[in-house]
Amino acid sequence: IEYDGKTLTLAQLEPYHTDVKAEVRRSSWNVRAAWFETHKERLDSLFDELVRVRTKMAETLGYKNYIELGYYLMTRNCYDADMVAKFRAGVKKYIVPLAETVKAQQAKRLGVDHITLYDNAFEFPDGNAKPKGTPEEIFAAGKRMYHELSAETAEFIDFMLENELLDVLTRKGKSGGGYCCEIPLYDSQFIFANFNGTSGDVDVFTHEAGHAFAGYRSRDVRPYELANQLTYEVAETHSMSMEFFTHPWMELFFGEQTEKYHYSHLSDALVFIPYGTMVDEFQHIVYENPELTPAQRNDVWKELESVYRPYLDQSEVAFYREGRRWQAQSHIYERPFYYIDYCLAQTNALAFWTLDGKDHADAWDKYMKFVSLAGKKTFTELNEIAGVGSPFDELSLKETAEAAAKWLEEHKI
């Protein structure tokens, strides 16, 4: 994308979306939308083909539609579509109202009537919290953080840094996103990311380190027992919980902006859960109705936006106004039904965060139980063993929402 006199990737464009200057936020969002607008017909065509092929796969194997097959391919082994539907109902009941409150407070801070696309990611009038220092300094802070967190994380981070198992700097031609993967021959994990000078740099570092730490702890499990059995919502619990367990060390990265980071990180998690749940419901509708046209799919997305993100005004930009935002979510194309794993895991992470606020040693002990048994027990079994409740239990979800609401009220900025 050509912008600001530079040729940028989508990842490199993101810092402009949270610039303190409204005209920069507006123009950068418009440029992003224009790129997707240019490719929308091809994106529709690709998705049509994917839905058609996946539906044919399911029908050939004797399924009514792709949903049940999709769940099997995601290795769901302890919950089904009905349980996920129950979780979505709980999100609508307890988390969506909380997200609306978060966004109302954001609008008040920014001095606007409501949240538009251009202000959605811009949380404070003097700018969002940004990490301080060079990548080398961030690595040094990360090393100190993990040395102080626990003996297990100290050993882990030394291994990662000494063996140069991170590629996190953004550069021309580099693939977007962030992830952790395994290098089996060397019994090691590898972290890939795109630092862009935002708080997301720290988020992705702690998030992917959560994945890598769990992999490091299970490196002696052979023959690849854990890799064969670990499910995605379990893996995402590892990473998202690590983001919250590292909160006490955020001052190393953010200095005087630490309070803003803490507030944003929690509120962003609460805003994300409804969005991710919306992605899941969209996919269920699409695969229940594979004959939907591209325009009808967009109408479905628009309707879901009104349910899950009623606070967000996207009317100024055609791409978003038409209900095409789903085209920017690569998971919908690449890995059907993956996204709900993030939502279940985020709910778990908030449960660990709640426990951590009461007793850190006890919470960390529960987290280590969850990590050490991952791949040997199912998601629901791990929750029970660790004692963090269940996202599928309405009462647990309600309690988590109430704890988050209380913290945000007490630490209102």
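Predicted model: local features only at pLDDT ≥ 70, side-chain atom pairs only at ≥ 80, totals over all residues.
A residue counts as buried when its relative accessible area is under 20%, as exposed when it is over 50%, and as partly exposed in between (1.4 Å probe, protein chains only). Residues are numbered from 1 along each chain as its sequence is written, and side-chain values use heavy atoms, with hydrogens and water left out.

**Aromatic pairs**

- Rings of Phe, Tyr and Trp (its six-membered ring) pair up if their centres lie within 6.5 Å; planes under 30 degrees apart are stacked, over 60 edge-to-face, and the rest tilted.
- That rule gives a count of 43 aromatic pairs.
- Take Tyr 66 and Tyr 287: their ring centres are 5.1 Å apart and their planes sit at 40°, so this pair is tilted.
- Tyr 66 belongs to helix H3 (residues 66-73) and Tyr 287 to helix H11 (residues 258-288), so the pair ties together parts that are 221 residues apart in sequence.
- Helices here are DSSP runs (H or I, at least four residues), as are strands (E, at least two), numbered from the N terminus.
- Tyr 66 is buried at 4% relative accessible area, and Tyr 287 is buried too, at 1%.
- Back to Tyr 339 and Tyr 342: with centres 5.2 Å apart and planes at 70°, they make an edge-to-face pair.
- Those two share helix H15 (residues 339-358) and sit 3 residues apart, about one turn of the helix.
- Ring pairs also link up a cluster whose members include Phe 139, Tyr 146, Phe 245, Trp 364 and Phe 370.

**Charges over rings**

- A charge sits over a ring if NZ of Lys or CZ of Arg is within 6 Å of the ring centre and within 35 degrees of the ring normal.
- Arg 25 lies over the face of Phe 122, 3.9 Å from the ring centre.
- Lys 174 does likewise with Phe 192, at 4.6 Å from the ring centre.

**Positive phi in loops**

- Most residues other than glycine have a negative phi.
- Asp 4 has a positive phi, near 55°, and is found in the loop between strand E1 (2-3) and strand E2 (6-7).
- Asp 4 is partly exposed, at 48% relative accessibility.
- Glu 164 also has a positive phi near 55°; its place is the loop between helix H6 (151-162) and strand E4 (166-169).
- Glu 164 counts as exposed, at 65% relative accessibility.
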